[in-house]
Amino acid sequence: MPKNKGKGGKNRKRGKNEADDNKRELLFKEDGQEYALVNRMLGNGRCEATCIDGTKRLCHIRGKMHKKVWIAAGDIVLVGLRDYQNDKADIIFKYMPDEARLLKAYGELPETTLLNEGIAAGLGGEDEGVGSNYVVFEDEDIDKI
């Protein structure tokens, strides 16, 4: 019989969600960091995000967060900017919805930022406007039907 050298199987690696109960301290951006809104996920640990400064960047999810913190379109994240590549960045922190609302209340995010709206805000399509999914009927159009 082989000796058991590990501390458990794959169920232990999945772990318990103990961190969900605790309140986290709100993390603000520092020099070389920027807030961003995730536009879409690209796969392979990458995503496309629009930073608050107006630049679209290809973002890479850092290894510490990979398969532990799930990021989706519409999430507010903190990215670390690269000195040598302006069009690429690294995701270093994901804000929960209540934390993102607090950032907006503190004035860190602009008032026009859509918080965790995701695909409902039109981020899932190809550069559509927010209201482009709806058809507006005039009174004259209804009479013709």
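Residues are numbered from 1 along each chain as its sequence is written, and side-chain values use heavy atoms, with hydrogens and water left out.

The term pLDDT denotes the predictor's confidence in each residue, from 0 to 100. The chain averages a pLDDT of 81, and 66% of the residues score at least 70. Over residues 118-129 the pLDDT is below 50, and this stretch has 13 contacts in the model beyond near neighbours in sequence. Contact means heavy atoms within 4.5 Å. Where pLDDT is low, the predicted coordinates should not be read in detail.

Let us turn to the strands. They form a closed barrel of 5 strands in the order β1-β2-β3-β5-β4, with mixed pairing. Two strands are said to pair if DSSP finds at least two bridges between them. Neighbouring strands of this sheet are turned by 50 degrees against each other on average, direction ignored; the axes behind that angle are lines fitted to C-alpha atoms, for helices over the stretch in contact, and angles run from 0 to 180 degrees between N-to-C directions.

Strands β1 and β2 pair in the antiparallel sense over 6 bridges, and V38 stands opposite A49 in β2. Their hairpin has 2 residues between the strands, and N44 there takes a positive phi near 60 degrees. Next, β2 and β3 run antiparallel and are joined by 5 bridges, with R46 opposite H60 in β3. The hairpin of β2 and β3 has 4 residues between the strands, and G54 takes a positive phi near 95 degrees.

How do β3 and β5 run, parallel or antiparallel? They run parallel, joined by 4 bridges, and C59 stands opposite A89 in β5. From β5 we pass to β4: these two run antiparallel, with 5 bridges, and a hairpin of 6 residues joins them. Finally, 5 bridges join β1 to β4, again in the antiparallel sense.

Of its 6 residues, 5 are buried, where buried means under 20% relative accessible area, exposed over 50%, and partly exposed in between (1.4 Å probe, protein chains only). V77 in this strand stands opposite A36 and also opposite K94 in β5. Leaving aside residues up to four places away in sequence, V77 touches E34, Y35, A36, V38, I71, I91, F93, K94 and Y95.

V77 also belongs to the largest nonpolar core, which has 13 residues; A36, C59, I71, V77, V79 and I91 touch the most other members. A nonpolar core is a set of buried Ala, Val, Leu, Ile, Met, Phe, Trp, Tyr and Cys residues joined through side-chain atoms within 4.5 Å. Strands β1, β2, β3, β4 and β5 each give two or more residues to this core, and β2 gives the most, with 3. Apart from it lies another core, of 11 residues, among them L26, Y35, I76 and L78.

Now to helix α2, residues 97-106. Which of its residues are buried? They are E99, A100, L103 and K104. Seen down the helix axis, these buried residues fall within an arc of 145 degrees, so they line one face of α2; the arc is that of the directions from the helix axis to the C-beta atoms. The buried residues of α2 pack against β1, β4 and β5, whereas the face turned away carries the exposed residues R101, A105 and Y106. After α2 comes G107, whose phi is positive, near 90 degrees.

E30 is exposed, with a relative accessible area of 54%. E30 and L78 are 48 residues apart in sequence and 9.9 Å apart in space, C-alpha to C-alpha. For the chain as a whole, buried residues make up 28% of the 145 residues.

Conventions. This is a predicted model: local features need pLDDT of at least 70, side-chain atom pairs count only at pLDDT 80 or more; totals for chains, interfaces and linings use all residues.
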